[in-house]
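Here is a short briefing on a structure. Keep the sequence and the 3D view open while you read.

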Amino acid sequence: MASRELTFRILRYNPETPDVKPHLQDFHLNEEPGMTLFIVLNRLREEQDPSLRFDFVCRASICGSCGMLINGKPNLACKTLTKALPDVTTLMPLPVFKLLGDLSVDTGVWFRDVSLRTESWVHTDEVFDPDAAEEKMDNELAKEIYEAERCIECGCCIGGCATANIKPSFIGAAGINRVARFMMDPRDKRTEQEYFEVVASEDGVFGCVGLMACDDNCPVGVPLRSQLAYVRRKMAVAGWHMGRGR
Amino acid sequence: MELQKVITPSPRSDLIVEGIQMISGLLLVLFLWVHMLFIASVWLGATSFNALANFMSRYGLVWITVAFLVVVIGSHVGAVVRRIPKQFREQRIVWRHAKLIRHMDTWSWIFQSITGAALLALAIIHVVVVTYGGISAKISSTRVFNHFLIFYIVLLLLAEYHASVGLYRIFVKWGWVSQHRLHRVLGVITVLTVGIGAVSLYVLYTLGAHFA
Ligand code: SF4
Ligand code: SF4
Ligand code: FES
């Protein structure tokens, strides 16, 4: 059986040569069995254009560095099989993040900033005793926390979010999910008021308009919809308590 | 925290605005449904429609309704405008974004602001016409027959669309029911209310033809 000829329409842009306007460039390649976009892009760079920029590290949906818009839909390139793609595929970098060139964006700075702003670490006064036996955590709770921790910071939920696209200060579903993780954790001693300060604003959960592009697009299936609702409900209760002066 | 946040009186303002948007929205949906039921009284004939209309004007209920609408629509509009991209640049980004990512729910957000703005205009016309023109089987049906049929069809469809998308959004955001069930329930309710409204319009139209 003759293999399909695939066309990839890729956004080309180099911030160092700003006078070359961003444009779509067509590349052609014959499809092979089991081909992923990871293979496609590497072959294109090796065989056709060494200047093509994109990111991959793990090529196994673990590192989160290959998020991009594949025919408009945010997804990981390394887990996308060409079998699932039409003959012509458009590839664009994720919006919101700093564009480093072509398909390569800097998600690291964005996520680090959100981690700092949401203070993503366990807040406790307890002094760590290395000799003490480890405290046990309820298995169900541990599993729930693990669900939130599965986020690989690929940025798909951020690039796909209309709010994040117009509001740079919005922490997005990944940020809110991160806060949910610490809210669930009994070792974090933050009060609900302290959490309220962190997420209960237009930059946090009350900035979200509930379009669920995040939930629909998370490539590893973090339950973002229920995480957003969880934080939203918690913060409404906290707000209610604050209103009653408690 | 930064100074500007420390000295802003209420840290809860975003929550409160969100609450106002939701509660006023829910009230308007409720109003819409009751409204459709009241109109449906015309199914039973001109007499029952008139009886209801008389009852409403005798006890000043028409004006109470108008006052209710002014307050509730006013707060709803006040609360939601913060979500509509104001700057031209932002508008362009949102449109491009919706086109780029091809995500149905993102489009529905854009439609929600467009239908919302259209509804505001249509609702004001509707309220003014009805309160000054009066309500009775004869007046209302002649109105539908003569000029307003298209107006009411548009108003009915827009209101139902806006209401069900808004309801859907609320339930999804707060995570009260599963998305799947929600689709079905809202679908049924929307078809039902549009159906009731359409039948009422049909009855009014034939009644209007009869009077003419
Ligand atoms: S929540 Fe999902 S989509 Fe968002 S950054 Fe994490 S893994 Fe990516
Ligand atoms: S649900 Fe909220 S966070 Fe998710 S894409 Fe929509 S606005 Fe963004
Ligand atoms: S390369 Fe690591 S997630 Fe795709």
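Chain B has eight helices and zero strands, where helices (H or I, at least four residues) and strands (E, at least two) are DSSP runs, numbered from the N terminus. The model is predicted, so local features need pLDDT of at least 70, side-chain atom pairs count only at pLDDT 80 or more, and totals for chains, interfaces and linings use all residues. Residues are numbered from 1 along each chain as its sequence is written, chains are lettered from A and ligands numbered from 1 in the order in which they are written, and side-chain values use heavy atoms, with hydrogens and water left out.

**Chain B as a whole**
- From the N terminus on, its elements run α-α-α-α-α-α-α-α.
- Its C-alpha atoms fill a box of roughly 65 × 40 × 35 Å, taken along the principal axes.
- Chain B has 212 residues, and 39% of them count as buried (under 20% relative accessible area; exposed is over 50%, partly exposed in between; 1.4 Å probe, protein chains only).
- Take the contacts (heavy atoms within 4.5 Å) in chain B between residues at least 6 apart in sequence: 75% join residues at least 24 apart.
- Chain B exposes about 12200 Å², with 73% supplied by carbon and sulfur atoms; accessible areas come from the Shrake-Rupley method with a 1.4 Å probe, and for residues only the protein chains shown count as cover.

**Where chain B meets chain A**
- Chain B gives 28 residues to the contact and chain A gives 33 residues.
- The two chains bury about 2800 Å² between them, 63% of it on carbon and sulfur atoms; buried area is the accessible area (1.4 Å probe) that two parts lose on being put together, summed over both.
- The rule finds one salt bridge across this interface (a side-chain nitrogen of Lys or Arg within 4 Å of a carboxyl oxygen of Asp or Glu).
- B:Glu18 forms a salt bridge with A:Arg232, and their closest N and O atoms are 2.7 Å apart.
- On the side of chain B that touches chain A, the elements giving two or more residues are α2 (13-39), α5 (88-101), α6 (104-133) and α7 (137-174) of chain B.
- α5(B) gives the most to that side, with six residues.

**A residue in chain A**
- A:Leu85 sits in the loop between β4 (73-76) and β5 (88-93) of chain A.
- A:Leu85 is buried, with a relative accessible area of 10%.
- Not counting residues up to four places away in sequence, A:Leu85 touches A:Arg4, A:Phe8, A:Leu37, A:Ile70, A:Asn71 and A:Thr80.
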